[in-house]
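Colleague: I would like a close look at one part of this model. Please keep it brisk.

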Amino acid sequence: MELIYQGYDTAAPQYIQAYRAIGPIHEETITDIYWNELFDITNFGRDDRVCVPSQNWAGYSNSIVRWDPASMRESYNIFADLVAIETYNTSTFIFESYGRKGVRDFPDGFNAVPPEERNRHNMLAAFLFWSGDDPTELAVARDFGERLQIASRNGDIAHSYVNYAMGGEQLPQVYGRDVDRLEKLQAIKTKFDPYNKFGFYASLADA
């Protein structure tokens with residue numbers, strides 16, 4: 001587990017102490033990290049597993065309102081079963097929370113960020129890595145990923161942070177369920193990107 005934070009006068013110590021109380025088998029603290037070194041130090045650099053070429057990568061994420069210990073435990077158990085299989089043992093499971101004080105300073109209709117994104121500032125995401133083109137291994141990865149996603153959702157309506165959308169999401173799951181907002185976004189997309197040069201997963205141009 002990595003706890004990354006900026007500054008010294010923060011709430012981090014209380015969370016650090018909570019994790020220390022669990023009794024980790026190893027602990028390391030690195031301070032005064034330069035921004036250009038952050039990814040390398042946190043194992044997300046160009047030479048780390050996430051950037052290895054010619055490997056498979058599947059992501060399954062959920063944005064949620066609050067952390068639920070029971071669903072977090074269920075999700076973790078599923079992930080533990082997955083990485084116990086050697087094929088997928090470099091996969092990653094992340095928990096993220098985003099600061100939102102600045103976001104709340106503006107009304108919902110001020111910009112394109114949907115209310116779902118403003119209110120669901122916690123995210124669980126599993127990133128599954130494996131090599132090869134075996135269809136059975138692909139099916140296993142999808143099965144685990146979908147089970148993880150359902151478990152971490154804890155019965156809530158699905159919402160995925162747009163930066164972690166991987167291709168299977170419907171537009172409302174990424175851009176919100178406000179019909180007028182979606183129509184406005186699609187009109188802007190048509191006006192400024194008529195040839196969909198910036199198209200990717202869950203593209204507004206596909207609606």
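Colleague: Which residues line the largest cavity?

Modeller: First, the ground rules. This is a predicted model, so to speak of local features needs pLDDT of at least 70, side-chain atom pairs count only at pLDDT 80 or more, and totals for chains, interfaces and linings use all residues. Residues are numbered from 1 along each chain as its sequence is written, and side-chain values use heavy atoms, with hydrogens and water left out.The largest cavity is lined by Tyr60, Ser75, Phe93, Leu124, Ala125, Ala126, Leu148, Gln149 and Ser152. A cavity here is a set of points on a 1 Å grid over the protein atoms alone, where a 1.4 Å probe fits but cannot get out; lining residues have an atom within 4 Å of a point. Its volume is about 30 Å³. That is the space filled by probe spheres set on the points, with grid points joined across faces, edges and corners. The count comes to one cavity of 30 Å³ or more.

Strand E3 (122–130) and helix H6 (135–153) each give two or more residues to this lining. Helices (H or I, at least four residues) and strands (E, at least two) are DSSP runs, numbered from the N terminus. By type, the lining holds six nonpolar residues, three polar and no charged. Ala, Val, Leu, Ile, Met, Phe, Trp, Tyr, Cys and Pro count as nonpolar; Asp, Glu, Lys and Arg count as charged; the others, Gly among them, are polar.

Now take Leu148, one of the lining residues. Leaving aside residues up to four places away in sequence, Leu148 touches Ser75, Ile78, Phe79, Phe93 and Ala126. Contact means heavy atoms within 4.5 Å. Ser75, Phe93 and Ala126 also belong to the cavity lining.

Leu148 has a place in the largest nonpolar core too. Such a core is a set of buried Ala, Val, Leu, Ile, Met, Phe, Trp, Tyr and Cys residues joined through side-chain atoms within 4.5 Å. Buried means under 20% relative accessible area, exposed over 50%, partly exposed in between, with a 1.4 Å probe and protein chains only. The core has 16 residues, and Leu82, Phe93, Leu128, Trp130 and Leu148 touch the most other members. Strand E1 (56–64), helix H3 (69–83), E3 and H6 each supply at least two of its residues.

Last, the setting. The chain has eight helices and three strands, in the order α-α-β-α-β-α-α-β-α-α-α. Buried residues make up 32% of its 207 residues.

Technical notes. 1 Å grid on protein atoms, 1.4 Å probe; cavity = no way out; pocket = protein on both sides within 12 Å on 5 of 7 lines; lining within 4 Å.
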